[in-house]
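Dear colleague,

Please find below the structure that I am handing over to you, followed by a short account of what was found in it.

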There are 4 protein chains.
Amino acid sequence: MSKKIQVTVLGATGVVGQRFVRRLAEHPFFEIAHIAASGRSAGKRYQDACEWRLDGEPYAGFGEHVVTDSGVDFSFAPVVFSALDTDVAKDLEPAYAEAGALVFSNASTFRMDADVPLLVPEVNPEHLGLLALQRKQRGWSGGILTNPNCTTTVLVMALAPLHEAFGVETVLMTSMQAASGAGYPGVSSLDLMGNVIPFIKGEEPKVEVETAKLLGRFQGRQVQDAPIVVSAMCHRVPVLDGHSEAVSVKLKGNPSPEQVRDVLAAWRPEPQRLGLPSAPVVPIRLHEAENRPQVRRDVELDAGMSVHVGRIRRCPVLGIKFSLLGHNTERGAAGGSVLNAELAKLKGYFD
Amino acid sequence: MSKKIQVTVLGATGVVGQRFVRRLAEHPFFEIAHIAASGRSAGKRYQDACEWRLDGEPYAGFGEHVVTDSGVDFSFAPVVFSALDTDVAKDLEPAYAEAGALVFSNASTFRMDADVPLLVPEVNPEHLGLLALQRKQRGWSGGILTNPNCTTTVLVMALAPLHEAFGVETVLMTSMQAASGAGYPGVSSLDLMGNVIPFIKGEEPKVEVETAKLLGRFQGRQVQDAPIVVSAMCHRVPVLDGHSEAVSVKLKGNPSPEQVRDVLAAWRPEPQRLGLPSAPVVPIRLHEAENRPQVRRDVELDAGMSVHVGRIRRCPVLGIKFSLLGHNTERGAAGGSVLNAELAKLKGYFD
Amino acid sequence: MSKKIQVTVLGATGVVGQRFVRRLAEHPFFEIAHIAASGRSAGKRYQDACEWRLDGEPYAGFGEHVVTDSGVDFSFAPVVFSALDTDVAKDLEPAYAEAGALVFSNASTFRMDADVPLLVPEVNPEHLGLLALQRKQRGWSGGILTNPNCTTTVLVMALAPLHEAFGVETVLMTSMQAASGAGYPGVSSLDLMGNVIPFIKGEEPKVEVETAKLLGRFQGRQVQDAPIVVSAMCHRVPVLDGHSEAVSVKLKGNPSPEQVRDVLAAWRPEPQRLGLPSAPVVPIRLHEAENRPQVRRDVELDAGMSVHVGRIRRCPVLGIKFSLLGHNTERGAAGGSVLNAELAKLKGYFD
Amino acid sequence: MSKKIQVTVLGATGVVGQRFVRRLAEHPFFEIAHIAASGRSAGKRYQDACEWRLDGEPYAGFGEHVVTDSGVDFSFAPVVFSALDTDVAKDLEPAYAEAGALVFSNASTFRMDADVPLLVPEVNPEHLGLLALQRKQRGWSGGILTNPNCTTTVLVMALAPLHEAFGVETVLMTSMQAASGAGYPGVSSLDLMGNVIPFIKGEEPKVEVETAKLLGRFQGRQVQDAPIVVSAMCHRVPVLDGHSEAVSVKLKGNPSPEQVRDVLAAWRPEPQRLGLPSAPVVPIRLHEAENRPQVRRDVELDAGMSVHVGRIRRCPVLGIKFSLLGHNTERGAAGGSVLNAELAKLKGYFD
């Protein structure tokens with residue numbers, strides 16, 4: 001029986017960090033060696049360093065584990081999951097990568113670097129190949145692999161099979177995003193209750209640029225962005241977890257809603273074919289009821305790893321429109337990073 | 001001193017009906033003669049027939065007023081405001097019109113009839129001219145005038161000045177609509193709390209067809225629809241009052257965001273020039289803060305009669321996008337009907 | 001291997017009925033034979049008769065099952081779970097009981113009848129003995145067994161061990177109750193969002209009288225109410241599932257908070273000793289954090305069958321006060337009824 | 001025409017500070033001379049120093065006013081309204097008092113000091129007399145006057161007439177408090193949406209001790225606490241503004257609900273008799289509907305300065321129970337302080 005790979009969780013006290021710990025507590029490939037956070041938490045037991053904000057067993061059984069300082073203690077683990085904030089990630093993630101770890105990062109810091117894989121295993125598993133380039137260019141034995149912004153992740157899960165089958169030309173996406181996307185404490189209840197906030201800092205540009213990279217082609221030495229025009233309008237709504245997206249797309253050949261549905265239903269990309277532990281059996285759940293998917297009722301299905309599509313219909317402007325839903329802190333954050341690491345494992349990066 | 005015109009409020013016990021009563025309780029042109037509702041409420045005092053659900057003085061001082069039966073008692077008033085449901089309006093509104101009343105209706109029943117004005121005074125006041133045609137064709141001394149669906153109303157308020165200045169070619173609109181749009185009791189709290197519902201029955205087609213009629217040209221004998229392609233994606237969100245809309249538009253000549261802003265800021269259409277009592281001084285409130293307009297904070301301004309525009313910016317797909325907000329049960333319902341009646345008054349229809 | 005006992009679910013299309021179906025779909029003692037509802041639903045497939053409103057597998061796998069008419073089709077099953085409304089239960093539950101079924105009812109109709117067991121297995125399992133009396137008096141081969149109002153159920157779970165250990169003299173309970181307690185569609189979102197409603201019809205008297213019966217002593221031929229004075233103040237708050245209760249109690253001997261905590265922690269009543277399938281291992285979950293239990297975070301633990309107690313402290317007026325929480329539609333409704341049936345099974349009522 | 005008294009608002013950028021500015025912008029006695037905040041805001045225009053979070057005119061017309069540093073700039077105004085945090089108030093309020101200003105403070109810091117008036121003008125206007133003692137003991141030409149915790153303020157408004165008419169012996173109060181009570185950003189939306197939090201730091205002891213002081217008797221040289229036993233259980237609920245309280249009281253002589261209602265209805269204490277500008281005409285609004293008062297619908301009446309009582313009924317434990325409601329950031333904070341200053345003005349403290 002093969003030994004599990006030891007991992008470090010960086011930024012373990014936050015909303016996404018806690019989800020990393022919960023996901024990795026009983027993982028078939030990985031086991032938690034280090035729970036790391038800022039100096040303020042270092043030295044405390046995990047249960048004293050933060051309030052557990054998820055359901056299920058508090059601290060996923062790691063309540064007694066002593067938190068290490070993410071900034072000074074690089075106690076070696078070959079895999080690092082990073083839930084660090086953008087500015088902190090800037091210095092720390094390269095430090096871990098240089099020390100030899102593969103850093104699976106949820107931060108936006110390095111996503112758009114030309115030699116950093118921006119990865120959704122169902123969408124662009126071949127982009128993993130950028131890692132070799134990165135190591136060579138930066139002289140690292142480890143490396144940094146990123147997952148996209150949560151809103152982008154959900155979007156590309158639906159676009160990828162359409163791009164493959166038809167070709168996506170333009171996308172107009174309006175999001176209605178959950179509070180948890182802003183971390184904790186994040187959005188004040190005084191701002192969000194009974195309200196819609198039509199702005200999320202930095203979100204729209206991220207969706208617009210990351211989508212083109214994710215759907216781009218890896219050509220041995222670089223990723224060439226897909227020639228897709230994306231327009232995003234992002235909103236915060238009084239929802240706990242899960243981003244709803246209203247999507248209009250222009251597809252080549254102007255396929256019918258039935259053709260679009262068939263393509264989404266039949267999609268079984270690499271993670272499903274490989275049987276990655278965190279991959280949902282069906283990556284896109286199709287809803288027939290005219291009022292679904294609904295975030296509160298549907299988003300927790302498949303441990304938040306599938307995305308949901310419903311109301312596929314003609315768009316008078318772009319051709320096809322549909323309702324899309326996905327879990328921002330699972331598929332769009334912790335679960336996405338873990339799935340990336342599972343892909344790297346099966347592709348031999350830890351052999 | 002001129003005498004006020006007597007009015008009947010139909011469907012006075014519902015959410016919109018109560019707003020009619022509150023708006024008309026102290027109106028410079030009109031005074032309430034009859035408060036009418038279904039047979040179940042007839043004969044009761046208004047305060048016993050329904051629970052008052054607005055703030056301010058309960059029943060707007062009409063609590064002791066005895067409710068008449070909208071279905072049998074046509075006690076004559078020259079103006080009727082109708083908050084009836086679609087199916088009830090079908091028989092009753094023509095009955096009142098035939099009896100000689102001008103019926104200002106919030107129901108969708110007759111909106112798309114070729115000889116019925118679908119009216120927003122800031123947008124298409126000249127459509128009032130259809131009334132002469134209607135009377136002739138139907139042999140009525142009264143008539144039916146309608147206001148659009150609430151979501152459409154808010155949308156055309158922003159589109160009208162752009163259509164006039166540049167020409168609107170296509171519109172993609174995603175709405176996030178308040179619970180009050182579904183009436184009372186309307187949406188169950190079990191469906192709406194912490195949720196987004198990506199479907200509102202009949203809403204999207206209404207927005208798509210009504211917009212073209214509203215922005216159409218009245219040519220003496222008919223309205224020719226504007227050649228505008230509209231795509232709507234409508235959602236219910238946990239908000240009490242006020243519809244938020246994310247709007248992308250393709251305008252002729254591809255104007256800049258600054259040009260769009262200038263046009264919206266300068267717009268002073270007929271109701272503002274005439275000084276209609278319910279018309280807001282400024283029909284479109286422009287917001288500079290990047291996170292405004294916000295429905296809970298902004299929608300009650302100007303008694304809910306102005307609409308709000310913010311975040312005017314380039315749309316990579318259609319050219320221009322912006323955030324839009326308006327009050328669904330005031331501007332989009334009761335207030336809109338009253339404004340229509342005020343326009344008819346100043347245009348001499350009650351002389 | 002023993003055969004499972006066939007059951008009928010009455011009122012299966014509502015919020016509680018659906019929870020009955022989900023709980024019984026894979027039950028070790030029982031199997032669903034009939035899914036029954038009003039004539040309007042009869043003859044339809046379950047999935048066509050109602051919208052599934054729980055998470056997990058839709059219709060718990062019974063979507064294709066054809067609904068029978070609860071009012072005319074008494075197709076025999078020895079156990080009936082009733083989620084009927086009070087007034088419908090009045091005629092139907094006796095009809096099933098007379099036909100030979102043991103009816104486990106969630107309706108309030110017969111709860112306070114002197115010969116009807118009002119049962120919470122952890123609290124008063126010996127009250128099952130009333131059934132013999134009921135059968136004799138009413139000439140039934142079956143019978144009616146009830147579970148209390150949801151708010152009462154949660155309350156007596158905490159009071160029972162205190163009554164046993166010390167004796168409860170007076171109780172002052174303020175509840176903050178979830179929307180689901182009112183059924184579906186139940187409370188309008190327009191009434192509940194951002195609001196507290198200080199009244200729930202009939203709730204306070206139910207809590208006040210049912211508590212005394214539940215904690216009463218069964219003396220062979222009747223239940224003598226416990227001499228406890230209860231005062232309830234019931235509120236509806238914007239919460240989906242779970243009732244929070246602020247409880248002050250006067251206990252004999254004026255025990256300390258620590259003594260109270262020890263008694264609650266040590267309590268292992270009959271369902272736990274017997275290992276009833278739906279009984280939580282620990283009936284009362286004690287919380288040490290000063291801001292727990294919290295309904296949204298804690299109430300789903302143990303499939304909603306345990307109750308939660310926190311903040312046990314001195315009450316300057318009555319002696320002891322604490323925070324209490326329980327699941328209204330599981331422990332307080334469907335789960336409670338199923339637990340009652342499990343107790344009856346192990347006590348030999350189906351042999 | 002008499003000149004207005006100049007005032008300083010301390011902590012003007014927060015939730016309560018903004019309400020001070022809005023209330024004082026058009027006040028008949030006072031005019032704003034200085035808007036002060038922490039060093040971080042000092043030197044900025046008010047509109048640049050904070051986001052305006054109230055409705056109505058942004059910054060109440062003071063958007064261009066330059067913010068002074070509350071900690072170093074004691075530019076003299078004879079009246080200071082303080083919305084400072086407890087720990088900041090500790091040093092600053094005495095500094096202003098020593099400099100000669102009367103400081104009307106919303107902070108809890110000095111409330112329980114024996115020589116500091118804890119004041120609700122309807123309840124204990126004579127406690128103003130403590131000020132002379134304070135000045136003498138502390139050698140100040142100014143002084144500090146406080147208003148109670150928001151929850152306490154609402155409670156004593158209802159208790160005062162009952163104490164006067166009958167004598168209050170014990171009180172058991174369960175509160176359901178709004179998010180705004182925690183300031184801004186205050187409670188995270190991730191904590192509050194769909195939840196009830198059964199704990200508010202420091203709140204219960206404040207209610208229990210402040211009530212006794214407020215209802216105590218001023219005897220020339222000191223206030224003797226009223227011999228009332230109060231027990232408070234405080235909760236945070238998903239409400240924006242307004243605290244709901246469920247109150248049970250033991251009154252001497254065990255009056256009937258009708259007698260209690262009559263006393264509350266007839267109550268016209270000193271601020272109403274004097275006609276203080278911010279005093280509501282009717283201090284206690286009585287509700288007859290069985291489901292009122294409701295916080296979202298009722299709390300803004302009378303600019304938030306009246307409190308609301310409904311559902312007066314027998315309590316089986318203490319004798320009388322009722323539902324109580326009041327505005328936490330108006331009556332319980334900014335409005336309360338302003339009313340205190342108005343009382344001081346009419347009592348000649350600024351002559």
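In this predicted model, the centres of domain 1 of chain A and domain 2 of chain A, taken over C-alpha atoms, are separated by 24 Å. Domain 1 covers residues 5-149 together with 334-346, while domain 2 runs over 150-327.

The contact between these two domains involves 32 residues from domain 1 of chain A and 33 residues from domain 2 of chain A. On the side of domain 1 of chain A that touches domain 2 of chain A, at least two residues each are supplied by helix H4 (130-138) and helix H11 (330-346) of chain A. H11(A) provides the largest share of that side, with seven residues. Sorted by class, this side of domain 1 of chain A holds 17 nonpolar, 10 polar and five charged residues.

The second part of this account concerns a contact between chains. Here 35 residues of chain C meet 35 residues of chain D. Several elements of chain C each supply at least two residues of the side that touches chain D:

- the strands S7 (168-177), S10 (229-236), S11 (243-251), S13 (307-315) and S14 (319-326) of chain C;
- helix H10 (295-298) of chain C.

The largest share of the side of chain C that touches chain D comes from S10(C), which gives five residues. As for its composition, this side of chain C comprises 18 nonpolar, 12 polar and five charged residues.

With kind regards

Note on methods
Residues are numbered from 1 along each chain as its sequence is written. Chains are lettered from A and ligands numbered from 1 in the order in which they are written. This is a predicted model: local features need pLDDT of at least 70, side-chain atom pairs count only at pLDDT 80 or more; totals for chains, interfaces and linings use all residues. Domain bounds come from an automatic or database domain assignment. Two residues are in contact if their C-beta atoms, placed from the backbone, lie within 7 Å. Helices (H or I, at least four residues) and strands (E, at least two) are DSSP runs, numbered from the N terminus. Ala, Val, Leu, Ile, Met, Phe, Trp, Tyr, Cys and Pro count as nonpolar, Asp, Glu, Lys and Arg as charged, and the others, Gly among them, as polar.
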